[in-house]
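Let's take a friendly walk through this structure together.

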Amino acid sequence: MVMKHRIGFIGTGEIAIIHANSIRIENPEWEIAGGYDVIDSACRIFCSIYGGRIYQSVEALLQDQTIDTVYICTRHDSHVTYSEEACKNGKNIFLEKPVALNYEDARKLLKCWKQRPVPFTVGYNMRVTPSILLLKEKLEEHNAKPEAFRLNMTGTPFMQGWAGDERYGGGVLVCQGSHMFDLIAHILKSPISEICADTQWLHQPKELEPNSAIVLVKLENGVCGTLLMHDRGNKSYHIEPGGGMINFTIYSEQGTYDVDAYGRLRYGTNDELVSIIPSGQNDIEYRWGYRNEASQFSKLLASQVTSICTLDEAVNAAAVVEAAKKSVREHRWVSVVYG
Ligand SMILES: NC(=O)c1ccc[n+]([C@@H]2O[C@H](COP(=O)([O-])OP(=O)(O)OC[C@H]3O[C@@H](n4cnc5c(N)ncnc54)[C@H](O)[C@@H]3O)[C@@H](O)[C@H]2O)c1
């Protein structure tokens, strides 16, 4: 049975528009009820495209009983407060990543959610891009047992704004690190156990958080790997829908698998070397997994079953970020402590 939902957007910037486009395609029976944004003009533009009304406060939106589901797409500093309020108002929640600026706040939200456990997902979209889904399928099909990996995330400059501010965004380990730690644990099917990290300011003002990190990672299942993240890429190579923003190589006896999370999968086994670009449209909503997120979120609301990121899993990613920060401060390997 098709479930109808009425959606309120909290934060109506860039990613909110991508989610609204994805909802229109994947869940056309859903209705966008409107939004709230601290910048009134952002909300006006959003509502002029997707319909619905401009709410004057987050409270007004959350108290609207006709809205059953919220997408929280604000800066990172408001994720915990808004999610807690949404839980208390019984809304279904899609929260953009990361859960929080730090692990303590992430755990606080988890505690609040456990008292009011509404359907909740966190937007780690890379889990469900078409090429990552194909990677998962091939790893299963070949019964591959990963031993090591190499992972890069390269954005275009974005941490010179709020994302690099410790009060609002948190810099590289929060913005990109949380994404990658979730992807590593998800694909390699094991919690991260130990981490050794360092950070750099690459063409980044020193009053902001670093925009680059090099990280060594060990997982509980014995897999080890390296991770490089920064925002010094360029649009054509890294950002276009088929591009190489995230490149993940997995080594196993059964084969080597190399995937651009938004583009091509290549793998080599003893029998063959294969290169595949999953079929489908070449827009960001599809290639970056947002359409799959929308359909998976719909499944979660209908059946409580999902392969997108749960709140517990996203809180685990925050624990790894915390360990990475400690490693940077103390210049040593740090064990990840999960609460
Ligand atoms: N999953 C992904 O690949 C991906 C990609 C980009 C951004 N994001 C995440 O999406 C979120 C938003 O990022 P964006 O790129 O859309 O940023 P953005 O700056 O384009 O939009 C954020 C919007 O939130 C509004 N806002 C900020 N604080 C607010 C508050 N307290 N209350 C109400 N509105 C508030 C801003 O005015 C702005 O319109 C972040 O969590 C970011 O990390 C995820």
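Along the principal axes, the C-alpha atoms fill a box of roughly 55 × 45 × 40 Å. The chain holds eleven helices and 15 strands, which are DSSP runs (helices H or I, at least four residues; strands E, at least two) numbered from the N terminus.

A word on the ground rules: this is a predicted model, in which local features need pLDDT of at least 70 and side-chain atom pairs count only at pLDDT 80 or more, while totals for chains, interfaces and linings use all residues. Residues are numbered from 1 along each chain as its sequence is written, and side-chain values use heavy atoms, with hydrogens and water left out.

Now to the ligand. It sits in the largest pocket. A pocket is an open set of points on a 1 Å grid over the protein atoms alone, where a 1.4 Å probe fits and protein lies on both sides within 12 Å along at least five of seven lines; a molecule sits in it if more than half of its atoms lie within 2 Å of its grid points. The ligand is surrounded by 23 residues, each with a heavy atom within 4 Å of it. This shell divides into nine nonpolar, nine polar and five charged residues, with Gly counted as polar and Tyr as nonpolar. Helix H1 (14–26) and helix H4 (79–88) each supply at least two of the shell residues.

Which residues are closest to the ligand? They are Asp-37, His-76, Tyr-82, Lys-97 and Tyr-290. A ligand oxygen is 2.6 Å from a side-chain N or O atom of Asp-37, a polar contact (a pair of N or O atoms within 3.5 Å). For His-76 the corresponding distance is 2.7 Å, and for Tyr-290 it is 2.7 Å. Taken alone the ligand exposes 840 Å², of which the protein buries 84%, by the Shrake-Rupley method with a 1.4 Å probe.

Finally, the backbone. Most residues other than glycine have a negative phi, and most peptide bonds are trans. The bond from Lys-97 to Pro-98 is cis, with omega near -15 degrees, and Pro-98 is in the loop between strand E5 (92–95) and helix H5 (103–115). Asn-143 has a positive phi near 50 degrees.

Conventions
A polar contact is a pair of N or O atoms within 3.5 Å; within protein, one must be able to donate a hydrogen and the other to accept it, and residues adjacent in sequence count only if both atoms are side-chain atoms. On a 1 Å grid over the protein atoms alone, a cavity is a set of points where a 1.4 Å probe fits but cannot get out, and a pocket is an open set with protein on both sides within 12 Å along at least five of seven lines; lining residues have an atom within 4 Å of a point.
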